[in-house]
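This report goes through a few features of one protein model in turn. Please look at the sequence and the structure before reading on.

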Amino acid sequence: MTIALDEALAAVDHGDVPVGAAVLVGDEIVARRHNERERSGDPMAHAEILALRDAAAVLGQWRLDTATLVVTLEPCLMCAGAAVASRLQKIVYGAADPKAGACGSLYNVCSDPRLNHEVQLLAGVMAGRSAEMLEGFFRERRR
């Protein structure tokens, strides 16, 4: 999670919401990214999507069934859907997102038995640090 938190800090440098992600296979980090929507003008440039794309390129396959996504904020509906579509093994996330979270807060896409794949979830890892970073970012934006 510390790698994902470092990535989240990098997003602030270009005005993006501080969300960071890393993809691991075993103990090896195969991808790490942060939000880049403001930087790229791409509405889908969430940290999770970018990290999953990079991991697939590194591994040479779209099936990420041995990979774990570590992210500072509970994934949204798009990112949770991408995790299911990529057959991701597990998501570990920090802060819950009561406004847009799709891994337990508003929806639980990753554990929906109606879908063709379920992703294991571990919530609340270093949640305080993740939440503080987000709260600080939005507090500054409101000034």
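The expected span of a helix is 1.5 Å times one less than its number of residues. Helices (H or I, at least four residues) and strands (E, at least two) are DSSP runs, numbered from the N terminus. The model is predicted: local features need pLDDT of at least 70 and side-chain atom pairs count only at pLDDT 80 or more, while totals for chains, interfaces and linings use all residues. Residues are numbered from 1 along each chain as its sequence is written, and side-chain values use heavy atoms, with hydrogens and water left out.

**Helix α3**

Helix α3 covers residues 47-59, which makes 13 residues. Buried means under 20% relative accessible area, exposed over 50%, and partly exposed in between (1.4 Å probe, protein chains only). The buried residues in α3 are Ala47, Glu48, Ile49, Leu50, Ala51, Leu52, Ala55 and Ala56. Contact means heavy atoms within 4.5 Å. Among the elements that cover these buried residues are β1, β2 (28-34), β3 (67-73) and α4 (77-85). Just after α3, Gly60 has a positive phi of about 75 degrees.

**His14**

Where is His14 placed? The residue lies in the loop between α1 (2-12) and β1 (20-25). His14 counts as buried because its relative accessibility is 19%. A polar contact is a pair of N or O atoms within 3.5 Å; within protein, one must be able to donate a hydrogen and the other to accept it, and residues adjacent in sequence count only if both atoms are side-chain atoms. The side chains of His14 and Asp16 make such a contact, at 2.7 Å. Leaving out residues up to four places away in sequence, His14 touches His34, Asn35, Glu36, Glu38 and Arg39.

**Cysteines**

A disulfide is a pair of cysteine sulfur atoms within 2.5 Å. By this rule, the model has zero disulfides.
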